[in-house]
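Please look at the structure first, and then we can go through the details together.

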Amino acid sequence: MRPKRGRKSYFTPEGKVALIFLKMYTSQSSPKLLEQLNGDIHYQLFCGVRIDPMYPLTDYKLWTTCFQNFPAD
C-alpha cells in the first residue's frame, strides 16, 4: 500500500458543496466570501469547518479547486 501524498483537504466533499452553494447564494467575489468565511462562525458551521482566527484561510483560489472537483452537468 502506498502512502498518501500531499496534505489532507481542508474541506470534506460536503463542505465543498456548501462552499459552492454559499458562493452562488451570496453572489460575493471569492476574496470577499473568503473574508466572510474566516470571520463568521455561521458560515464555518455551514461548511463543516472551524477556522482558527490566528491562522485564517488566505487562498481565494480555493473556489477554483472546489469547482474543478464537481462536474458542471
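Predicted model: local features only at pLDDT ≥ 70, side-chain atom pairs only at ≥ 80, totals over all residues.

Let me begin with phenylalanine 21, which is partly exposed at a relative accessible area of 45%, where buried means under 20% relative accessible area, exposed means over 50%, and partly exposed lies in between, all with a 1.4 Å probe and protein chains only. Phenylalanine 21 is found in helix 1; helices here are DSSP runs of H or I with at least four residues, strands are runs of E with at least two, and both are numbered from the N terminus.

Residues are numbered from 1 along each chain as its sequence is written, and side-chain values use heavy atoms, with hydrogens and water left out.

Now to the rings. A pair of aromatic rings is described by the distance of the centres and the angle of the planes. The rule is that rings of Phe, Tyr and Trp (its six-membered ring) pair if their centres lie within 6.5 Å, with planes under 30 degrees apart counted as stacked, over 60 as edge-to-face and the rest as tilted. By this rule there are two aromatic pairs. In the stacked one, phenylalanine 21 and tyrosine 25 are 5.6 Å apart centre to centre, with 15° between the planes. Both residues lie in helix 1, residues 13–26, and are four residues apart, about one turn of the helix. Tyrosine 25 counts as exposed, at 63% relative accessibility.

The other pair is formed by phenylalanine 21 and phenylalanine 46, whose ring centres are 5.9 Å apart and whose planes stand at 45°, so this pair is tilted. Phenylalanine 46 is partly exposed, with a relative accessible area of 44%.

Let me turn to helix 2. Which residues of helix 2 are buried? In this helix, residues 30–39, they are Ser30, Leu33, Leu34, Leu37 and Asn38. They cover an arc of only 140° around the axis, which puts them on the same side of helix 2; the arc is that of the directions from the helix axis to the C-beta atoms. On the other side of helix 2, Glu35 and Gly39 are exposed.

Side chains of opposite charge can pair when their charged atoms come close. The structure holds one salt bridge, defined as a side-chain nitrogen of Lys or Arg within 4 Å of a carboxyl oxygen of Asp or Glu. Glutamate 35 forms this salt bridge with lysine 32, the closest N and O atoms being 3.9 Å apart. Glutamate 35 and lysine 32 are three residues apart in helix 2, and therefore separated by about one helical turn. Glutamate 35 is exposed, with a relative accessible area of 52%, whereas lysine 32 is partly exposed at 41%.

Finally, the chain as a whole: there are four helices and zero strands, and 32% of the 73 residues count as buried.
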